[in-house]
Amino acid sequence: GLIDVHTHITSQPEDYYADIFRRTPIDVAVTAHVYARRTLEAGFTTLRVVGASEYVDVALRNAIDKGQVVGPRLKVAGLPIGATGGHADLTGFSPYLKFGGFDNVADGVDAVRKLVRQNVKYGADVIKMIASAGVLSEEESVGAPQYSFEEMKAICDEAAMWGRKVAAHAHGTEAIKRAVLAGVASIEHGSLIDDEGIRMMKERGTVLVADVYNDDWILAEFAKMGYPEKIIEKERKVGRLQRENFAKAVKAGVKQAYGTDAGVYPHGLNARQFRYMVAGGLTPMQAIQSATVNAAELLGWDKVGAIAPGRFADLVAVDGDPLKDVTLLEKVSFVMKGGEVVVAR
């Protein structure tokens, strides 16, 4: 079974302003299972969900585990932890605009530690830290750091105390280096990483999770959904650089795990990224391993990622040899999860 370690399975964008102002967490919750099933039927039997509002991802994971809805096995992060005015905050709007619900914004060592504890309390399997600015928010920067090293270290130390790994959203060079030094398990995106950052990641065994497919989708579709031009322009600046730097990291031997940012593009298209990883320098086998054994290692889950006694019986099949044509994984003909057939075409 294939594994995607960077997803937002509970939702996907439809309309920039309507998504913010007209859809509620209840809307998100009642449609999340649709995306989960769609992803499973595409051959992804395990996902890591790196952030969702109102702990909807926790509820979805629990419902899947109980057999109440159909979907992949999930490891979930709960609320992504971000700084005031940062990528995880609501930026670009009136200061009088406020929404009720769980607050995922925390500033200072004590506050970020408390939010880690809150996430663990309510069911998070992993902690998501917003280490830098991002693309799909109305900030000025794409990659500027948004937490001090001390705050990042506090998040990592607190997570480790509770037996959780930290995934760091980090586009910018300085944020990547701070997060690696702080002890994160993975760098998500890694778009503007430089040679020193690559060296640091390789030395420490930090995993790169680079979403090198969705640039195409964002540039083709997001303007149609009403996203501000400033956001589209940020993607134009960062997307190609991300692919170039991914190729440098591959050449240097940085560990790779398959993560696509599913939810930025429609769920179920997760396998489209394989061809881009191969174009970036991985062999087809290495790309497949990034979505199986490597991903399982990052999750710390010895029941997935391989076919062996004692593992979950998660299998996918395609008509042909994906080592010769990795795009075959975009149209799987057979999916099994836990010994039960989900798809047989």
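**Reading a sheet and its aromatic neighbours**

Guide: Three bridges connect β8 with strand β9, residues 334-337, and the two run antiparallel. The model you are looking at is predicted, and one of the pairings to look for in it is that of L315, whose bridge partner in β9 is M336.

Visitor: How should I read such a pairing, and in what order do the strands of the open sheet stand?

Guide: In general, the strands of a sheet pair through backbone hydrogen bonds, in either a parallel or an antiparallel manner. Here the open sheet has three strands in the order β8-β9-β10, and the pairing is antiparallel. Because β8 (315-317) and β10 (340-344) each have a single partner strand, they stand at the edges, and one side of each is left without a neighbour in the sheet. Neighbouring strands of this sheet are turned by 10° against each other on average, if direction is ignored.

Visitor: Turning to the aromatic rings, how many aromatic pairs are there, and are the planes of Y55 and F102 stacked or edge-to-face?

Guide: Rings count as a pair if their centres lie within 6.5 Å, and planes over 60 degrees apart make the pair edge-to-face. The count by this rule is 14 aromatic pairs. For Y55 and F102 the ring centres are 5.0 Å apart and the planes stand at 80°, so this pair is edge-to-face. The pair links distant parts of the chain, 47 residues apart, with Y55 in the loop between β2 (44-49) and α3 (56-65) and F102 in the loop between β3 (73-76) and α4 (109-121).

Visitor: Is Y55 buried or exposed, and what is the relative accessible area of F102?

Guide: Buried means under 20% relative accessible area, so Y55, at 7%, counts as buried, whereas F102, at 37%, is partly exposed. Another pair is formed by Y213 and Y276, whose ring centres are 5.6 Å apart with planes at 55°, so that pair is tilted. This pair, too, links distant parts of the chain, since Y213 is in the loop between β7 (207-209) and α8 (215-221) while Y276 is in helix α10, residues 273-279, 63 residues away. Y213 is buried, with a relative accessible area of 3%.

Visitor: Which residues do ring pairs link into a cluster, and which ring does the charged end of R73 sit over?

Guide: The cluster linked by ring pairs holds Y16, Y17, F21, F93, F99, F222 and Y227. As for the charges, the charged end of R73 sits over the ring of F312, 3.7 Å from its centre, and that of K75 sits over the ring of W301, 4.2 Å from its centre.

Key:
Residues are numbered from 1 along each chain as its sequence is written. This is a predicted model: local features need pLDDT of at least 70, side-chain atom pairs count only at pLDDT 80 or more; totals for chains, interfaces and linings use all residues. Side-chain values use heavy atoms; hydrogens and water are left out. Two strands pair if DSSP finds at least two bridges between them. Helices (H or I, at least four residues) and strands (E, at least two) are DSSP runs, numbered from the N terminus. Axes are lines fitted to C-alpha atoms, for helices over the stretch in contact, and angles run from 0 to 180 degrees between N-to-C directions. Rings of Phe, Tyr and Trp (its six-membered ring) pair if their centres lie within 6.5 Å; planes under 30 degrees apart count as stacked, over 60 as edge-to-face and the rest as tilted. Buried means under 20% relative accessible area, exposed over 50%, partly exposed in between (1.4 Å probe, protein chains only). A charge sits over a ring if NZ of Lys or CZ of Arg is within 6 Å of the ring centre and within 35 degrees of the ring normal.
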